[in-house]
Amino acid sequence: MKTIFLSGSKVGSKTLTSMKKIQAIYQQKYPEHETLFLDLKEFNIEFSDGRNFLDYDGDTGFVTKEIMSADILFIGSPTFQASIPATLKNIFDLLPQKAFEDKTVGMVMTAGSDKHYLIGETQLKPILGYMKANIVPRYVFIKDTDIINKEIVNDDVLFRMEQLVENTVVLAESYQLIREKTEEDYGF
């Protein structure tokens, strides 16, 4: 399986720190899986202008094509103005409506306070659902106080990260078996 780790912001370090930890846990548990880390800070992504994702060149084309080729995605998002950042929303706008069909998505949300706990539920999950993702029901929410000097210091967060990794892979493998069984039944 191909797994993408997407850090969805151009500023700050908390989401990047969180996504690097998710990737480390994942690679330790599933070293046989192909992985790729995409940090939006490192790319010059064009604004969506309605073209097919295959028509973009450069960083934009690379990022969109890699996302489309993934089986599993872990998406990390900070909370800005009680929503997801524009850089992450632009990635979704670059992709087709059914971009996440047959893909399993785990989420990590970072925020400054507990008041933003439901941003993942109200802002990110509806977009992913619209784009046909198989969304892992529970996501990891991380407050600023859980990360000190680019290290996660809350053991409960680390435990929830391990659960997210396991739940995401189990869900992805389950959906893969369902698809294979369905294809067998139809004789493709």
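At 43% relative accessibility, D156 counts as partly exposed, and its side chain takes part in a salt bridge with R160, in which the closest N and O atoms are 3.0 Å apart. This pair belongs to a predicted model, in which a search of the whole structure finds 10 salt bridges.

**Salt bridges**

- D156 and R160 lie four residues apart in helix α5, so that about one helical turn separates them, and R160 is partly exposed, with a relative accessible area of 23%.
- R51 and D49 meet through their side chains in a salt bridge of 3.1 Å, N to O; R51 is partly exposed, with a relative accessible area of 32%, and D49 is partly exposed, with a relative accessible area of 48%.
- Salt bridges that share partners join D49 and R51 with E46 into one network.

**Helices**

- Helix α3 (residues 86-94) and helix α4 (residues 119-130) have axes that come within 11 Å and cross at roughly 10°, which makes α3 roughly parallel to α4.
- The contact between these two helices is made by L88, K89 and F92 on the α3 side and by L124, I127 and L128 on the α4 side, and its residues divide into five nonpolar, no polar and one charged.
- Helix α1 (residues 14-29) has 16 residues and reaches 23 Å from its first C-alpha to its last, which is close to the 22 Å expected at 1.5 Å a residue.
- Buried residues in α1 include T15, M19, I22 and Y26.

**S7 in strand β1**

- S7 has its place in strand β1 (residues 2-7), and S7 counts as buried because its relative accessible area is 2%, under the 20% cut-off.
- Leaving aside neighbours within four places in sequence, S7 is in contact with T15, L16, M19, F37, L38, D39, L40 and G76; among these partners, T15 and M19 are buried residues of α1.

Conventions
Residues numbered from 1 in each chain as written. Predicted model: local features only at pLDDT ≥ 70, side-chain atom pairs only at ≥ 80, totals over all residues. Heavy atoms only, no water. Buried < 20%, exposed > 50% of the residue type's maximum accessible area, 1.4 Å probe, protein only. Contact = heavy atoms within 4.5 Å. Axes fitted to C-alpha atoms, helices over the stretch in contact; angles between N-to-C directions. Parallel < 35°, antiparallel > 145°, perpendicular 65-115°, else oblique. Nonpolar A, V, L, I, M, F, W, Y, C, P; charged D, E, K, R; others polar. Expected span 1.5 Å × (residues − 1). Salt bridge = Lys/Arg side-chain N within 4 Å of Asp/Glu carboxyl O.
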